[in-house]
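Q: Please take a close look at one part of this model, its disulfides, and describe the surroundings as well. I am new to this structure.

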Amino acid sequence: MPAPHGPGRPAATGLRPLARGAAVLAVTSALLTSLVGVAPAASPATDVADVNVQVNAQAALGRLSDTARGVNTAVWDSHMNDPEVADLMKAADVGAMRYPGGSYADIFHWETNTAPGGYVAPGTGFDSFMGTVAATGAQPILIANYGSGTPEEAAGWVRYANITKKYGAKYWEIGNEIYGNGHYGSGWEHDDHQDKSPGEYARQVRAYAAAMKAVDPTVKIGAVLTSPGEWPDGVTGEGDAGDWNNTVLPEVADVIDFVSVHWYAGGSDTTAADASAKLARLPGELREVRNQLDRYAGADSPDIGIALTEINTNTGGARLTARANGLFAADAFMTALENGVFNVDWWNTHNGVGEITTVDGETDYGDMGMLSSGACNGDVCEPAPNTPFHPYYGMKMTSELGTAGDTMVAAASSAQDVSAHAVLRRDGRLSVLLVNKNPDAARTVDLGYAGFTPASTAPEASRYAPGDSDITALAAGEASTSRVTVPAYGLLSLTLEPRAGTGPGASAAGTPGTPKLEGVSDTTASLSWTSATGAARYLVQERDGAHTHLIGETTGTSVTLRNLPPGSTHTVNLLAADASGRLSAPSSPLTFTTGVPSNAACAVTYHRDTSWGNGFVSTVTVRNLSDVPITGWTVDWDWPTGTQTVASGWNATFYQTGSHVRVTAPDGAGPLAPGGGSTASFGFVGANDGPNPDPTAFRLNGAVCSSG
């Protein structure tokens, strides 16, 4: 079930994006033209559009998996296996169904279909659930009972599911939100273990994985993590060496196949714009999960997936069945999938009536379900069971973009209240989803494209907006490839055909494999990849938002990128060109961060002394390793996210502009002796609204320093 959330976080002010640099290799004018391939966005209409959206079909964000869209199910839900459920979920291309239901997983015993201390509805046993999964065409995501179960009980479930019944259940989580077992003070998750520490959870995950894989070596084992920036991330429990993630991951990285995180926007705001503003934290949080996997799994990190197995706006209150939450659902599914997860599961299929309010002129039933449970609160009753609420249609609208194997690509909007998402289909078509979060006004959107040239024919278009009872196809002429109008509080999708002879379908080159990081230094990165059929050469391009630029070209399947700034983060993907220069679809992306020099003339140690979810205290120690003393020192760094700030400090003077921090020596400070003969230390209290990764590079009087 949904977890409680940590205390409120301070709003970020005066922040600017972290500047990036990249080494750009010389290329010919013709090559640049073929790489960019920008189609004009102008419309023959004379009026000016409200919004500009640019789609870059060569900037890959990853591929849609067969488990991309998912929902949670719960054994206390008497409508869980109604035939209508499978029909509705199949219509929305749902590929995953999670069972037996959040926190209930840690009291549920699969063999007896019981949950001591809880309620199990008739007809919700495992085999019945698998019947719904099969009718939907989905896969199960099963939660092994950690709180009151054993590795042997979980292994027995694997044996029954995959050996006896041959269900082929692949994904198995070990418990649900175990960090909520009281170890950090707040306890909603059942846990009978005497030792409730993250260290004990890690030891048990190893035992569960060994027992379950002994029965079926093909199962995928998932460990529970906290979302960076969300409680209790950053909190170190009594007797622990680190917080939850940094204790669990070092011990289990070699035995797990994926990690499970949950995310709720929090609060009870009533507009789509409010929820969307909070959703802006999610990409950074997911990036930090991947950073943690990189840190502890090393070269095996790409083999460990990230599943967002619970998501919703909040865990109670307003805007749950209202239209705003439908817009949030569409935005949230795509945002998560675009940022490295293979599965997103909405909480919940049915959840039950809650507080009754009026939101945007409609009754909001305070129900976290996608479908009505038909229950009543006083004199107010929900619609008939399995009537879809707005979040269902938000999820269903994302299925208009594409299916498993299609490539998500970058899209950028000029307006905060209009979101854009795009998918390059395997057949060469391009689909775009626009989300208008303005409750009062339709928005006119001009569309432009890089790496895609649309045909002159009108696109297929559909919408879900006030007045629609389901996703509705637009009539011919209501949308063009260059301009569309998105209704107020509406969702609109377009699917465009490529102009004949253009696009990946016209290239003889196949799609190259995802680049692999073979080695990285402070200024270089070595990449390799699997070859693509028909490729005459490969182009390596870096993405910055929805824009890309060429940074490497080779006829082989490896390249070394040079002259990269120390401590800088880069996201790259590949294009293959055939003998005529026609380009393939883009590979999936790789993100990496360069290091700092090992033989620098200075060294900086950054130590986070304590943290509490939305704040922290850090100490920085500086040494001068050069041959001459330094008087009047200045230390600079850039925060990795745009929501980290220095609130107050000591032993120095602090300045922050955007994400850049400058610290100067206090008045009267003595010189830094050469050869590391003396140190300067200063500390500060910081705040973070979201993840709190350490800075990647420090400079002393402009010179990049080594670590430690």
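A: A disulfide is here a pair of cysteine sulfur atoms within 2.5 Å. The model is a predicted one, and by this rule it holds 2 disulfides. When the bonded cysteines of the chain are numbered in sequence order, they pair as 1-2, 3-4. In general, such a link is a covalent bond between the sulfur atoms of two cysteines.

Partly exposed covers the range between the cut-offs for buried, under 20%, and exposed, over 50%.

The other disulfide joins Cys602 to Cys705, with an S to S distance of 2.0 Å. The torsion about the S-S bond is -100° here, and the link of Cys602 and Cys705 is left-handed. Cys602 belongs to strand β29 (residues 602-611), while Cys705 sits in the loop between β37 (703-704) and β38 (706-707), so the bond ties together parts that are 103 residues apart in sequence. Both Cys602 and Cys705 are buried.

The pairing of β37 with strand β36 (residues 698-700) is antiparallel and runs over 2 bridges. In this pairing, Leu700 stands opposite Ala703 of β37. As a general point, strands of a sheet pair through backbone hydrogen bonds, either parallel or antiparallel.

Another sheet of the model is also open and antiparallel, with 3 strands in the order β22-β23-β26. Its edge strands are β22 (516-520) and β26 (558-561), each of which has a single partner, so one side of each is left without a neighbour in the sheet. From one strand to the next, the twist averages 20°. Strand β22 pairs with β23 (residues 525-528) in the antiparallel sense over 4 bridges. Within that pairing, Lys516 has Ser528 of β23 as its bridge partner.

Key:
Residues are numbered from 1 along each chain as its sequence is written. This is a predicted model: local features need pLDDT of at least 70, side-chain atom pairs count only at pLDDT 80 or more; totals for chains, interfaces and linings use all residues. Side-chain values use heavy atoms; hydrogens and water are left out. Two strands pair if DSSP finds at least two bridges between them. Axes are lines fitted to C-alpha atoms, for helices over the stretch in contact, and angles run from 0 to 180 degrees between N-to-C directions. Buried means under 20% relative accessible area, exposed over 50%, partly exposed in between (1.4 Å probe, protein chains only).
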